[in-house]
Amino acid sequence: MRPIQLYLLYFASIFSCLPTFAQTLQPAKPAARYAYQLYVPASYPKSKATYPLIIYLHGGSHRGNDLSRLNQYGPPHAVAQGRQFNCLIASPQCPEGKYWSTDNWFDSLYIELTTTYRIDPKRVYLTGVSMGGYGAWQTAVARPNTFAAIAPLCGGCDDSTQICQIRNVPVWTFHGTADDQVPFDETARLVRRLNACQGKVRFTKLVSTGHDLLYLYDEKAIYSWLLKHHK
């Protein structure tokens, strides 16, 4: 066989493999901009310092296009009740019929906040409850170098095989042993995997507690724990 024929045969074999190879590639999530609430500390306008940022992801019942619904619980509720924080708190709203894993909403939010406000990139934190707990785990796994610490409540991760991506990210996670909406083992299995790869994980098992862990956001512990961490 002539060299030119061998050359053409070589390229034909490559192109014949392309459809199979293309099917193994994971499609990129569609870019999206989600509306959000933003709390800015009262001290911010008079200061030139950079500030920490906490991103909070709500549960499934608050999906939609009405940001006022977020005030019913979580950090937005604490802010609505007049509580003061020495950090920015961004609370995006997931659209109806979607999950936090449906779109790439994070990049547009992060770019907008970090280019508009003085945010310390070494002090960015993530927390969420229920569907938002899933969102916190999964967003951190997708961006393991972004967060100084995360605090997922009664959530999980669709692909637990990737959880060791965040073994260097401090995690404080909570789950009730009597949760009848998100099984307790959704969190427990992630903690087991993180412990196996020497992750920095703290697991609070709430014995005989169900799915409602919203009261934790009315206490200081989560905020204090998050804010003490630096990248």
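This is a predicted model: local features need pLDDT of at least 70, side-chain atom pairs count only at pLDDT 80 or more; totals for chains, interfaces and linings use all residues.

**Salt bridges**

Mentor: Start with Glu112, which is partly exposed at 26% relative accessibility (buried means under 20% relative accessible area, exposed over 50%, partly exposed in between, with a 1.4 Å probe and protein chains only).

Trainee: What does Glu112 form a salt bridge with?

Mentor: With Arg33, and their closest N and O atoms are 3.0 Å apart. A salt bridge here is a side-chain nitrogen of Lys or Arg within 4 Å of a carboxyl oxygen of Asp or Glu.

Trainee: Where in the chain do Arg33 and Glu112 sit?

Mentor: In distant parts, 79 residues apart: Arg33 is in the loop between α1 (3–24) and β1 (36–39), and Glu112 is in helix α3 (residues 106–116). Helices (H or I, at least four residues) and strands (E, at least two) are DSSP runs, numbered from the N terminus.

Trainee: Is Arg33 buried or exposed?

Mentor: Exposed, at 52% relative accessible area.

Trainee: How many salt bridges does the structure hold?

Mentor: It holds 5. One of them joins Glu186 and Arg189 at 3.5 Å, N to O.

Trainee: Which helix are Glu186 and Arg189 in?

Mentor: Both lie in α5 (residues 185–196), 3 residues apart, or about one turn of the helix. Glu186 is buried at 17%, while Arg189 is partly exposed at 23%.

Note on methods
Residues are numbered from 1 along each chain as its sequence is written. Side-chain values use heavy atoms; hydrogens and water are left out.
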